[in-house]
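Here is a brisk report on one protein model and its ligand. It covers the spaces inside the protein, the ligand shell and a few backbone details.

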Amino acid sequence: ATEQTALLTLFGATGDLASRKLYPALFNLYKKGEIKEHFALIGTGRREWDDDKFRSVVSESVKDAAESDQQVNDFVSHFYYKSHDVTNPEHYKVLKGLADELDAKYDLNGNRIFYISLAPRFFSLVANNLKEQQVFSENGFNRLIIEKPFGHDFESAEALNNSLSAAFSEDQVFRIDHYLGKEMVQNIAALRFGNPMIESVWNNKFIDNVQVTLAENMGVGERAGYYDTSGALRDMVQNHIMQIVSLLAMDEPNKYKDVEIRAQKVKALQALHIYNEDEVAENFVRGQYGAADNQKDYRHEDNVPEDSNTETFVAGKLEFENNRWAGVPFYVRTGKLLADKFARIDVVFKQPALDDFARANGTDPQLVPNRISIKIEPDSGFEMKLNKKHVGQGYTTDSFQFTHDLTTEEMKEVPLPYERLINDAMKGDHTNFASWAEVAQAWKFVDQIEKVWNTTKPDFPNYTPGSMGPKAADDLLARSGRKWAFRA
Ligand code: NAD
């Protein structure tokens, strides 16, 4: 690998995300030689740590992946810590001083990435202080990586974006959606555009419906306080599911470059039909989990109000108003405490218009719909369901499945999502980051649903832990004679 040259300044370096995800990701990049000599990191947080304390925390979070103690020591020698109060402009001058010093020490060419892993209320405050206190370099690049959530609705997201853009232009901003760093999500494009056999039928002439499921089998746990202000629609649909849907629905870009890809994703999202009140009631289902053995119902979880109407489950039907997808529902669902933890995409094809093929042979067999699935996790791979002749006399049919799973060896090579995304940001590649136009469009769609939900009282709790959500989520498809292709 060609070594990337950059100074990373991390806000929130003492936080949970940093030690669970960001340091292991950076360590992998280091092991692979993506970052090496010309790399340094300034960690900031409220705590009064020094470099040694910081380095021991980082060591602890990467040691399981280490080949030797020496490797860890070499890696963390690039890490520096400054206790920082985000509200104090003077502190940014201190950061600037250290940044300039490290730039000279490691020969960083003025390349700077500012990673804000703080509570969202600090996002624009930090960004604007970085600019006003001139922490930016004159040569090299100045980029911003920003965590989720990006706003709470369209209005707040737009205000955040306006405020950020006073300091960083759109091509300097990298909005994290870690689903875009997942191997199998990146395979959507490879499956489609690498296979004319598939892309040529990727439209409403052949596809009956598309299904995206991101299922979790745990409750809200320690994130309850935050989760209760968000809910499944904001926490999972607005970002991760909308991103996956846009990759499934987009037209092929003329060039496989970030600008062109993101333009196609935006175009797809702009073709989403935004629902009116009646349509929301008809096409979106919300759920909240009840109690089970050893499991409190959601309203009795710690830090959740007893009258909470926050949804822990969503299922919905999305419709595109364009020639490729008119008439093809995209069903999505996500929730907590479901039967299993898995993420997958199922693309269900139409049946023959005249299902006369085998019936003509006398036994009224059922052709199953062809289906192509992308398994995102925990298994990573592809499935393709087809029909064949049933072995034996007569002429009936049955189905079979091609399955290709990534091998254990391949799985070891799969980069961590954050590893890939941080590397992309260092390379200046926006492909796997959400653009403002995408985020904006996703909020406009989601806001309409929230608006209707806020005016009606749900009948919660309405699903049992360990199930696949409320019955209404099945009815959503059953109404048109469809069903979820996969059940845990
Ligand atoms: P955390 O609460 O564990 O860490 C917060 C960090 O912010 C700490 O380093 C703390 O020192 C710093 N901080 C807080 N107030 C400060 C102040 N006034 N001045 C300076 N520093 C201050 O949070 P986290 O879980 O690491 O989350 C960080 C970001 O990542 C958030 O935007 C969150 O929404 C996002 N995120 C986290 C997860 C996760 O799994 N932890 C998942 C998705 C998104």
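Helices (H or I, at least four residues) and strands (E, at least two) are DSSP runs, numbered from the N terminus. The model is predicted: local features need pLDDT of at least 70, side-chain atom pairs count only at pLDDT 80 or more, and totals for chains, interfaces and linings use all residues. Residues are numbered from 1 along each chain as its sequence is written, and side-chain values use heavy atoms, with hydrogens and water left out.

**The enclosed space**

On a 1 Å grid over the protein atoms alone, a cavity is a set of points where a 1.4 Å probe fits but cannot get out. A pocket is an open set with protein on both sides within 12 Å along at least five of seven lines. Lining residues have an atom within 4 Å of a point. Grid points are joined across faces, edges and corners, and a volume is the space filled by probe spheres set on the points.

By this rule there is one cavity of 30 Å³ or more. The largest cavity has a volume of about 170 Å³. Its lining has 18 residues, and those nearest its centre are Phe150, Gln238, Asn239, Ala434 and Val439. Helix H10 (232–249) and helix H15 (436–454) are the elements that give two or more residues to this lining. H10 gives the most, with five residues. By class, the lining of the largest cavity holds eight nonpolar, four polar and six charged residues. Here Ala, Val, Leu, Ile, Met, Phe, Trp, Tyr, Cys and Pro count as nonpolar, Asp, Glu, Lys and Arg as charged, and the others, Gly among them, as polar.

**The second largest pocket**

The second largest pocket holds about 330 Å³ of space. It is lined by 16 residues, and Asn209, Val348, Pro369, Lys483 and Ala485 are the closest to its centre. Strand E7 (207–215) and strand E11 (342–349) each supply at least two lining residues. E7 gives the most, with three. The lining of this pocket divides into six nonpolar, four polar and six charged residues.

**The ligand**

Which residues are closest to the ligand? They are Thr14, Asp16, Arg20, Leu118 and Lys148, out of 19 residues that surround the ligand. A residue is near a molecule if one of its heavy atoms lies within 4 Å of it. Helix H1 (residues 16–31) provides the largest share of this shell, three residues. The shell has seven nonpolar, six polar and six charged residues.

| Residue | Protein atom | Distance to a ligand oxygen atom |
|---|---|---|
| Thr14 | side-chain N or O | 2.5 Å |
| Lys148 | backbone N or O | 2.8 Å |
| Arg46 | polar backbone atom | 3.0 Å |

The protein covers 76% of the 830 Å² of accessible area that the ligand has on its own. Accessible areas come from the Shrake-Rupley method with a 1.4 Å probe; for residues, only the protein chains shown count as cover.

**Two buried side chains**

Buried means under 20% relative accessible area, exposed over 50%, partly exposed in between (1.4 Å probe, protein chains only). His273 sits in the loop between helix H11 (258–270) and helix H12 (277–283). His273 counts as buried because its relative accessible area is 16%. Its side chain makes a polar contact of 3.0 Å with the side chain of Glu279.

Glu383 is in strand E13 (residues 381–389). Glu383 is buried too, at 12% relative accessibility. Its side chain is joined to that of Gln401 by a polar contact of 3.5 Å.

**Backbone details**

Most residues other than glycine have a negative phi, and most peptide bonds are trans. The peptide bond from Lys148 to Pro149 is cis, with omega near 0°. Pro149 lies in the loop between strand E5 (142–146) and helix H6 (154–165). Phe460 and Pro461 are also joined by a cis peptide bond, with omega about -5°. Pro461 is in the loop between H15 and helix H16 (471–478).

Gln134 has a positive phi, near 55°. Gln134 lies in the loop between helix H5 (123–132) and E5, and counts as exposed at 54% relative accessibility. Asn294 has a positive phi near 60°. Its place is in the loop between strand E8 (284–287) and strand E9 (313–318). Asn294 is exposed, at 85%.

Definitions and conventions. Polar contact = N/O pair within 3.5 Å; in protein donor to acceptor, adjacent residues only side chain to side chain.
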